[in-house]
Structure formats: C-alpha cells, structure tokens
Amino acid sequence: MRKHFAIRKVISEREVELPETHFVEIMKIAEEEKGVISLGPGEPDFVTPKHIRDYAKKMLDKGYTHYTAIGGMSEVKEVIAKKLKRKNRIDASPEEIIITVGGKEAILLSLMVLVDPGESVIVPNPGYMMYIPMIESLNGVPLSVALSQNENFEYNIDKIKEILHTQKTRALILNSPSNPTGTVFNRKKLEEIADFAVENKLVVISDEAYEDFVYDGAKHVSIGSLNGMEEYVISIFTCSKSYAMPGFRIGYATGHPELIKAMTRLKLGTTLSTPTISQLAAVAALNGSNKPVKKMVSEYNRRRKLVMKRLNGISAFKTLEPRGAFYVFPNIEQFGMSSVKFSEFLLKKAKVLVVPGNEFGKYGEGFVRISYATAYEKIEEAMDRIEKLFREAF
Ligand code: PLP
C-alpha cells in the first residue's frame with residue numbers, strides 16, 4: 001500500500017469537493033465484524049435469469065465482440081421501441097433512443113446536454129445518492145426539494161416553486177418508484193409535475209430504474225407517456241433491477257431526437273458504444289418471457305411485507321408502507337440518535353447493516369434505508385436481532 005501521494009494536489013476540485021460519506025466507515029466496520037447481515041444492498045440478490053445468460057453466451061460464441069454504433073445497435077433499438085410502446089406507452093423511433101452503460105450513464109448524459117455551468121437542476125432529497133454529485137461535477141447547481149414523510153415523500157410543487165431559479169433552472173429529476181423511499185407517484189401527481197415542467201420549460205429527467213417493482217395494486221406510469229410531454233421528458237430505464245443484470249451495465253433512454261442526438265455526440269467522448277454483449281443480452285431480457293421478472297417481484301413483495309410487519313411491531317420506528325422499489329425508509333428519530341449513530345448502533349449491537357438516511361441527502365437525516373434485496377431468511381434473522389436489541393435497550 002502506497003502511503004504518500006505526492007501529486008494529490010493536482011487532483012481536480014471536482015473530486016476533492018465530493019461529499020464525505022460515513023457509509024464507507026460503516027462498511028469498514030461491517031467487513032471487520034463477523035456474522036453481519038446486510039440490509040444495505042442496492043442491487044438484486046438474484047442471478048440473471050438463465051435464458052438471458054444463455055443468449056449472451058451464444059452471442060459471444062458467434063463473435064459479437066466489436067464496437068457498435070455509438071447510440072446502440074439498430075436491431076436492439078427496435079426491441080426497445082416495442083417495449084417502450086407496450087409497457088410505457090411511449091412512441092419512440094430509433095433516433096429517439098440511446099442505449100447506455102446502465103441507467104446511470106443515461107442520467108449523466110442527460111445532465112451533460114441540459115446543464116451549463118451555473119445552471120440548476122431540481123432534485124428529490126432524500127434521493128438517489130448520485131444525482132447531486134453528478135450535477136456538481138458539471139458545475140451545475142442542485143436545488144434540493146425536501147420530501148417529507150407526511151407527504152408520502154412526494155414532490156410538493158409549492159416547495160419547488162419556492163426554490164426555483166426561474167432563469168437558470170433547466171431540469172427536474174423525477175424518480176418513481178423512488179430510491180430510497182419506495183414511493184410510487186400516482187398519475188395525478190405526475191400530471192401536476194408535467195404541467196409545472198411545461199409552464200417553466202423544464203426537462204424532466206425521469207429515472208424509472210424500478211419500473212417493475214410496484215406492489216399492492218400500485219401502477220407505474222411513465223411521465224413521458226402523458227399528453228404533450230414528448231419534448232419535455234427524457235425517460236430512463238435499465239435492465240439492472242428488473243432482470244437482475246446490474247453487472248451487464250445496460251440501460252437506455254428516450255426523448256426528443258435533438259436531445260438524444262446531443263447525448264449520442266457526448267457519448268462518443270465517454271464510453272463510445274455500450275458493451276455489445278450487454279446490448280444483445282437486453283434483447284433476450286426485453287423479448288423473453290416475463291415470468292422470471294414476475295417471480296422475482298413477487299418474492300420482493302413477500303419480503304416487503306415481512307419487513308413492514310416486523311418494523312410495525314417496534315413502535316419507535318415510524319414507517320410508511322412503501323409500494324415500490326425494494327426499500328423501506330423508516331423514521332428513527334424517536335430513538336434519540338442521528339441516522340449515522342443509529343446505523344452504527346445497529347451494526348455494533350445487532351450486527352445488522354442499514355444505510356443512514358442522510359447518505360441520500362440532508363433531508364434524509366432522521367431515517368435509515370432498509371433494503372429487502374436479500375434472502376427472506378436473512379431478513380427474518382436480522383429482524384429478530386433488531387427486535388431483541390430494542391426490547392433490551394429501550
Ligand atoms: N437510478 C436509481 C434510482 C438507482 O437506484 C440506480 C442504482 O442503484 C440507478 C439509477 C443506476 O442503475 P444502473 O446504472 O445499474 O442502471
């Protein structure tokens with residue numbers, strides 16, 4: 001291990017200014033302790049369904065090992081267009097689609113084409129932890145909108161109006177179903193957001209990474225499918241969660257052809273084309289049977305119910321029942337500890353790892369994120385430990 005890094009001073013402020021995270025320390029403790037159960041994962045615990053893996057292997061053997069067109073293979077875009085129509089009710093031609101390295105690259109490229117230095121973007125807070133650093137790395141200004149548990153962690157348009165820099169705000173990030181809160185925005189709320197975006201000429205960056213993870217009759221609606229939104233939305237999807245394919249790094253976005261063209265031009269200077277084998281694996285995922293997805297979602301739902309039942313048994317957790325994604329986001333203020341202290345306490349005393357809510361932005365303070373992307377039995381054991389600890393400690 002090298003101790004001294006003499007050229008540290010040449011590292012850009014962009015990196016140096018990245019926020020400090022306490023989660024790294026918590027992960028370090030978790031690695032050192034034996035027998036920790038992690039309720040931290042942000043990725044599916046299932047292996048990619050077999051038909052997708054088999055197809056990818058076959059395509060490798062056929063020699064699909066070269067670059068493709070920058071924005072993606074046209075035959076794959078055709079499959080994506082059909083999926084967008086079928087599932088998201090979005091009409092998109094190939095020029096309106098770009099295939100990216102995960103949903104994450106699509107978010108970054110969207111921000112890169114929309115935001116000049118000093119311009120701002122509305123972000124949900126608590127929200128997916130990468131939005132703010134991505135905006136800041138482009139010298140943009142994130143405008144955090146506090147999502148409150150009393151308001152079901154949904155956007156409150158009045159709160160957005162209060163912080164809007166009318167001249168310079170270019171985009172609004174929407175994430176439904178949401179990480180870390182599990183909130184699913186209903187159609188009425190989406191219509192309100194759509195009207196607001198059109199009135200203020202904002203582009204909605206709609207991150208729909210968890211589109212398949214909805215429970216209890218909740219419906220996922222793509223804001224890009226609403227009337228008159230064609231020019232105002234970049235809709236972003238990924239195979240990472242729905243098909244348990246995070247390692248394939250495959251996502252895609254659709255929007256106005258001018259935006260997609262600009263994103264494609266920028267992709268030339270970043271990752272060029274998305275890995276060919278992953279694009280082909282996406283064909284098997286999107287064209288194949290939906291049964292594996294249904295099976296996984298039904299298992300997530302079983303676990304969600306388990307977590308809810310057990311948390312509701314400890315009255316100091318104030319928990320909204322989430323209807324989407326694979327996270328529960330309870331309020332822990334009644335324990336009299338900060339999110340970080342509470343997470344450390346749980347880790348040391350019960351050997352259960354959760355993520356402090358403030359990792360998702362300052363308005364996540366007072367909460368923790370519990371992921372149920374882990375085996376049912378492990379969740380049961382983790383909940384037993386938590387229950388025992390709180391019976392003894394409080
Ligand atoms: N958006 C949200 C809300 C996420 O939680 C994640 C991953 O955790 C992503 C986007 C990025 O996923 P990927 O780049 O694997 O598609």
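Lys 188 and Glu 199 are exposed on one side of helix α8, where exposed means over 50% relative accessible area, buried under 20% and partly exposed in between (1.4 Å probe, protein chains only). This is a predicted model, in which local features need pLDDT of at least 70 and side-chain atom pairs count only at pLDDT 80 or more, while totals for chains, interfaces and linings use all residues. Residues are numbered from 1 along each chain as its sequence is written, and side-chain values use heavy atoms, with hydrogens and water left out.

Helix α8 covers residues 187-199 and has 13 residues. Helices (H or I, at least four residues) and strands (E, at least two) are DSSP runs numbered from the N terminus. From its first C-alpha to its last, α8 reaches 18 Å, close to the 18 Å expected at 1.5 Å a residue; the expected span is 1.5 Å times one less than the number of residues. Lys 189, Leu 190, Ile 193, Ala 194, Phe 196 and Ala 197 are buried in α8. They lie on the same side of α8 because they cover an arc of only 165 degrees around the axis, taken from the directions from the helix axis to the C-beta atoms. The buried residues of α8 pack against β3 (120-125), α7 (157-163), β5 (169-175) and β6 (203-207), with contact meaning heavy atoms within 4.5 Å. Just after α8, Lys 201 has a positive phi of about 50 degrees.

The ligand is surrounded by 16 residues, and the closest are Gly 103, Asp 207, Thr 238, Ser 240 and Lys 241; a residue is near a molecule if one of its heavy atoms lies within 4 Å of it.

| Residue | Protein atom | Distance to a ligand oxygen atom |
|---|---|---|
| Lys 104 | backbone N or O | 3.1 Å |
| Ser 240 | polar side-chain atom | 2.6 Å |
| Lys 241 | side-chain N or O | 2.6 Å |

Thr 264 lies in helix α9 (residues 257-268). The side chain of Thr 264 reaches the backbone oxygen of Ile 260 at 2.6 Å. Leaving out residues up to four places away in sequence, Thr 264 touches Ile 70, Gly 71 and Ile 98.

Three strands form an open sheet in the order β9-β12-β11, with antiparallel pairing. The edge strands, β9 (327-328) and β11 (355-356), each pair on one side only. Two strands pair if DSSP finds at least two bridges between them, and β11 and β12 (residues 368-371) pair over two bridges. Arg 369 in β12 is the bridge partner of Val 355.

Notes:
Polar contact = N/O pair within 3.5 Å; in protein donor to acceptor, adjacent residues only side chain to side chain.
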